[in-house]
Amino acid sequence: MKLNLNSIKYPVSFLKTNLRGWKTDRKIIVFESDDWGSIRMPSKESYSNIIKAGIPIDKCPFLRNDSFETVEDFHYLFKVLKKFKDKNGKHPVITANYILRNPDFKKIKDSNYNNFSSELFTEHLIKTNKYDNYFNILRQGIRDGLIKPQLHGPFHVNVKYWMEYLNTNSASTIIAFNNLVYGLSTNVVNEERKSFLATFDYDCNSDFINFLEPALIKSIKDFENIFGYKSLSFIAPNYVWDKKIEEVLSKNNIKLIQSAKHRKRPSISKNSKRHEKIILGSKNEFGQTYLTRNILFEPSTSINKIEHMQECFNKIHYSFLLNKPAIISTHRLNFMGGLNLKNREENLMLLEELLTNIIRKWPQVEFFSSDDLGNIINN
């Protein structure tokens, strides 16, 4: 593959955001993928009903394509990953960051929108008779080194903010709720509001102490019960978290914080600089190590998927020139076919092309999960 001519503009901006932090002469690639376990758009029927109600959810790629992962989604993703091996004989591995709970819409409605209830994603699998098949293929993928679940959080909804809109009879919020959808994006509604998805964007200490802290602690324990091992890393929904979150994670033996290049502090912060740059390999006051994403492979959100894939390849090239690992953000929606089969098929073809070109250009490449990279940095 030839480098895209448009890449001329990248070295300066890429240099500014990637010059500092941990360095290595090893050619390391990590794929970090958020939102596994969450139910963003539950069915084609829900999607159709909301469109018919006049809410243009077709404008949002997550609402168009992001459905709960199926055995078929795992199968076809693993089929691509198995085709490739690094210099150590290891396959590319997806760090699958799991949301453990989804809203229990019936219980919330029965409480007249006064009480939030949720259920583990495993309960959804049991109800739909898919638990055994799901975990059979997932566990095989873990054994084969193709996927490594880590913790994304208890749920992917800002409970207080979402419930406030349910109680004020926000028309779009109620329509979505009646179709079992909570994650209605801000770009498809007429009302001026913040995102419903930033779980830890709290605005008073009592909310943190009474609700968010115990929910986070429970999610850490739930993760271990479900997967049989402790998550060593954590990624906050919508990249919104603060020191209090880190302290809870630290007390529960989570050593690594996945992040975008910047994180946003919760609304309770009075600091005018709510955005903070995160440096790869740096540590917070609790000794936790930050893992900073520096590349995107998000074809589902891109207008020109071919150019997007080329840009991803180019930035891997720049990362290696700067002696940086390539930590690639690639959300679950890119590999889902339950709502839109074409979405999964096209994106897996691009992933295969990307991996083909990576192996061809850098035969010495090494594939790691986020927790393995964290161990390399710390050691």
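This is a predicted model: local features need pLDDT of at least 70, side-chain atom pairs count only at pLDDT 80 or more; totals for chains, interfaces and linings use all residues.
A disulfide is a pair of cysteine sulfur atoms within 2.5 Å. How many disulfides does a search of the whole structure find? The count is 0.

C60 has a relative accessibility of 4%, and because buried means under 20%, C60 counts as buried. C204 comes out at 23%, so C204 is partly exposed.

The structure holds 1 cavity of 30 Å³ or more. The volume of the largest cavity is about 130 Å³. Its lining is made of 14 residues, and those nearest the centre are T17, N18, R20, L280 and T292. By type, the lining of this cavity has 5 nonpolar, 4 polar and 5 charged residues.

The largest pocket has a volume of about 560 Å³. It is lined by 24 residues, with I39, P42, F68, H124 and T128 closest to the centre. Which elements give two or more residues to that lining? They are α4 (71-81), β3 (101-103), α5 (105-110), α6 (121-127) and α7 (131-143). The element that gives the most is α6, with 3 residues. Sorted by type, the lining of the largest pocket splits into 10 nonpolar, 7 polar and 7 charged residues.

The second largest pocket has a volume of about 450 Å³. Its lining has 27 residues, and R40, F62, H156, L197 and N238 lie nearest its centre. Here the division is 10 nonpolar, 12 polar and 5 charged.

Last, one residue by itself. Where is V93 placed? V93 sits in the loop between α4 and β2 (94-99). Is V93 buried or exposed? Its relative accessibility is 9%, and the limit for buried is under 20%, so V93 counts as buried.

What does V93 touch, leaving out residues up to four places away in sequence? The contacts are F31, G145, L146, I147, K148, F367, F368 and S369. Take L146 from that list. V93 and L146 are 53 residues apart in sequence, yet their C-alpha atoms are 4.3 Å apart in space.

To recap: the search for disulfides gave 0, the largest pocket is about 560 Å³, and V93 is a buried loop residue.

Note on methods:
Residues are numbered from 1 along each chain as its sequence is written. Side-chain values use heavy atoms; hydrogens and water are left out. Buried means under 20% relative accessible area, exposed over 50%, partly exposed in between (1.4 Å probe, protein chains only). On a 1 Å grid over the protein atoms alone, a cavity is a set of points where a 1.4 Å probe fits but cannot get out, and a pocket is an open set with protein on both sides within 12 Å along at least five of seven lines; lining residues have an atom within 4 Å of a point. Grid points are joined across faces, edges and corners, and a volume is the space filled by probe spheres set on the points. Ala, Val, Leu, Ile, Met, Phe, Trp, Tyr, Cys and Pro count as nonpolar, Asp, Glu, Lys and Arg as charged, and the others, Gly among them, as polar. Helices (H or I, at least four residues) and strands (E, at least two) are DSSP runs, numbered from the N terminus. Contact means heavy atoms within 4.5 Å.
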